[in-house]
Amino acid sequence: MAAFRQVPVAPHRKERHFRLKDDLSVNLSNEELRERYRFGREGINFISNLVSDDITRKTKRNHALTVPQMVMVTLRFLATGSFLQVVGDTIGLHKGTVSRIVSDVLTSLCNKRDQFIKWPRNVDETRGDFYRLSGFPNVHGAKDGTHVRIQAPSEDEASFVNRKGVHSVNVQAVCDAKGKFTNINANWPGSSHDSHIFRTSQIRMIPSKACKIIMACAILHNICILLNEPDIEDDGLVIDNDGDLGDRFFGNQDGRGVRDHISSTFFNR
């Protein structure tokens, strides 16, 4: 009887199937891109060049995402405010992949915050811009604060409960007359006192990730202004931000006169 020799056979490797990512293409019109990502083609390419050195994958795989695709995944996540799982299902990527992409792009953007969020060098020009805008003298910046809701953290949870009884990060920001952020601080837990209005936007992240998202959004906002990107609502309409600022004040530049003008112009309508 003939002897049989057992030859080891390599295990069959299941063929990987990749879903097409037609949605991640800059070949759409600028209007379509802005509806999905809040940036047109020029803006997406600008951000891609900005973060390219930090997020380029060191891999020879044929199916690695390009830098513009990773930027578009992140912009889609930020523009929709949706869950990572939902964004992944929409685009055709695993939740873990979306999470890594978003984290890498946000980190790269935040590391470049000093390039885009900085105090104006020409203070006289800034004061002039505010005065031409509203007739209000000697203004260096407009400051406001807000609470951004977050997921309850596992550490130091009580510090993040604000006076509304909700977990939040207390954010303070300063902008110039063009609406560009010149300073932003998103490091305070919600229990820190804030007398301004409580807004109900929510980030489903732990505090450290939520602060990174807030900073990245501020940087992207300034890039929008830098590139003259139109402000787009969720329904795709362009927003007209030129509201009625009232009559300018040309009276005596004393505290009482300016205060009375503000009261009668903006609060007695």
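Author: Angles under 35 degrees count as roughly parallel, over 145 as roughly antiparallel, 65 to 115 as roughly perpendicular, and the rest as oblique. This is a predicted model, where local features need pLDDT of at least 70, side-chain atom pairs count only at pLDDT 80 or more, and totals for chains, interfaces and linings use all residues. Residues are numbered from 1 along each chain as its sequence is written, and side-chain values use heavy atoms, leaving out hydrogens and water.

Reader: Why are H1 and H3 called oblique to each other?

Author: Helix H1 (residues 30-37) and helix H3 (residues 67-80) pack at about 60°, with axes 8 Å apart. Axes are lines fitted to C-alpha atoms, for helices over the stretch in contact, and angles run from 0 to 180 degrees between N-to-C directions. H1 and H3 are therefore oblique.

Reader: Which residues in H1 and H3 meet?

Author: Leu-33, Arg-36 and Tyr-37 in H1 meet Met-72, Leu-75, Arg-76 and Ala-79 in H3 (contact means heavy atoms within 4.5 Å). By class, the contact has five nonpolar, no polar and two charged residues. Ala, Val, Leu, Ile, Met, Phe, Trp, Tyr, Cys and Pro count as nonpolar, Asp, Glu, Lys and Arg as charged, and the others, Gly among them, as polar.

Reader: What makes strand E2 mostly covered?

Author: In E2 (residues 168-175), six of the eight residues are buried. Buried means under 20% relative accessible area, exposed over 50%, partly exposed in between (1.4 Å probe, protein chains only).

Reader: What makes E1 and E2 a pair?

Author: Pairing takes at least two DSSP bridges between two strands. E1 (residues 142-150) and E2 have eight, in the antiparallel sense. Gly-145 has Gln-172 in E2 as its bridge partner.

Notes:
Helices (H or I, at least four residues) and strands (E, at least two) are DSSP runs, numbered from the N terminus.
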